[in-house]
Amino acid sequence: MTKILKQTIGNATLYCGDCLESLQEIEGFDAVISDPPFSSGARTDAGKSSRGGMLRGAKWEGDWFSHDNMATHGFLYLMRLMGVSLLDKAARGATAHFFIDWRMYPNLYGALESSGWIVKNLVVWDKEHFGMGTNYRNQHELIIYAEKGLAAFPTHNLGNVIRCAREKSLNHPTEKPVALLKTLVAASTREGQTVIDPFMGSGTTGVACALLGRKFIGMEIDRRHFDTACQRIEAAYGQPDMFVQHALLPAA
Ligand SMILES: C[S@@+](CC[C@H](N)C(=O)[O-])C[C@H]1O[C@@H](n2cnc3c(N)ncnc32)[C@H](O)[C@@H]1O
C-alpha cells in the first residue's frame, strides 16, 4: 500500500493517493458525485494509447492526467473495484452521479450495475455550445444516476437534461462548472449530509459542497491537482453561497 496524504479543511476530508486505497480509510457517506477519468482518448483501444481522439483547451495541450489513457479492460477494472468499494461504504439509500461520455457509457453502466448499484437514469449535461471536431461536434456529456436501494433523498422536479455553460478549465483539463455541481449537490442531498468524490481533480464537487453547507470527502491521485483542490475548497468554505443558479433548477 502506498502512502496516502490526508488533510482536513473545514468540513472536508481530502486524500491524496489512489482512491481504491483511500476508500478503505473512510466511514460512510450519503451521496457520490464524481467525474472519473473517461479513458476515452480515441475510438479504438489501440488509438487510446496514442491519445489521439479527445481535444483539450490550449492551456492543457499535452497535459494528460492519471489513468485517462487506459484501454477498456483497465477502465472496467478500476470502475468495477471503485463501484464495489463505494457501495460497501455508502449509507442505505445513497445516490450516485457519475459523469461519462457516449463512448464509455456502456462500460461504466456495466461496471456500476455489476457492483450492485441500481442504475436509475441517464442525465444529459447540455453545454449550450459545441466543441471542436467534426461529425456532430460534442455539445453534451452524460451523467449516470444510480442508487443503493431506494434513494433516501430522491431528486424531485428536475428534468434529465441540464443546461449549463462549460467552464474555461483554468484549474484542470476537464474542470466541471461549479454551477452544475451545485445543482447536483442541491438536488440529491440535504444540508449537513456527506458527499464523496473519489476522482476530485481540482475539487469542483468539494467547492459546491462547501458553498452549500455539505460535508465532503475527496480523493485525488495527482499531487498538483490535489493541491489545487485544497486551495479551492478552503476558499469556498470561507465564502458559503447557498444560491443555486435559478435557470438550472425548476421553479419552486
Ligand atoms: C476527470 S478528472 C476530474 C476533474 C474534476 N471534475 C474537476 O472539476 O476538476 C479525474 C481525476 O481523477 C484522477 N484520478 C485518476 N485515477 C485516480 C485514482 N485511481 N485515484 C484517485 N484519483 C484518480 C485524475 O488525476 C484526475 O484529476
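In which loop does tyrosine 136 lie? In this predicted model, tyrosine 136 belongs to the loop between β5 and β6. Its phi is near 60°, a positive value in a residue other than glycine. Most residues other than glycine have a negative phi. Tyrosine 136 has a relative accessible area of 81% and is therefore classed as exposed, the cut-off for that class being over 50%.

Asparagine 135 is likewise found in the loop between β5 and β6, the latter strand spanning 140–147. The phi of asparagine 135 is near 55°, again a positive value in a residue other than glycine. With a relative accessible area of 66%, asparagine 135 is exposed.

The strand β5 also takes part in the second largest pocket. This pocket has a volume of about 180 Å³. Its lining consists of His97, Lys120, Asn121, Val123, Tyr145, Thr155, Leu158, Gly159, Asn160, Ile162, Leu184 and Ala187. Two elements, β5 (118–126) and α5 (178–188), each supply at least two residues of this lining, and β5 gives the most, with three residues. By class, six residues of the lining are nonpolar, five are polar and one is charged.

The helix α5 is largely enclosed by the rest of the structure, because 10 of its 11 residues are buried. The buried residues of α5 are Val178, Ala179, Leu180, Leu181, Lys182, Thr183, Leu184, Val185, Ala187 and Ser188.

The surroundings of the ligand were examined next. The ligand is surrounded by 23 residues, of which Asp35, His172, Ser202, Thr204 and Glu220 are the closest. Divided by class, this shell holds eight nonpolar, nine polar and six charged residues.

A polar side-chain atom of threonine 204 is placed 2.6 Å from an oxygen atom of the ligand. For glutamate 220, a polar side-chain atom likewise lies 2.6 Å from an oxygen atom of the ligand. At isoleucine 221, a backbone N or O atom is found 3.2 Å from a nitrogen atom of the ligand. Taken alone, the ligand exposes 610 Å², and the protein buries 99% of that area.

How values were computed
Residues numbered from 1 in each chain as written. Predicted model: local features only at pLDDT ≥ 70, side-chain atom pairs only at ≥ 80, totals over all residues. Heavy atoms only, no water. Near = heavy atom within 4 Å. Polar contact = N/O pair within 3.5 Å; in protein donor to acceptor, adjacent residues only side chain to side chain. Areas by Shrake-Rupley, 256 points an atom, 1.4 Å probe, with all protein chains shown as cover. Nonpolar A, V, L, I, M, F, W, Y, C, P; charged D, E, K, R; others polar. 1 Å grid on protein atoms, 1.4 Å probe; cavity = no way out; pocket = protein on both sides within 12 Å on 5 of 7 lines; lining within 4 Å. Points joined across faces, edges and corners; volume = space filled by probe spheres on them. Helix = DSSP H or I, 4+ residues; strand = E, 2+ residues; numbered from the N terminus. Buried < 20%, exposed > 50% of the residue type's maximum accessible area, 1.4 Å probe, protein only.
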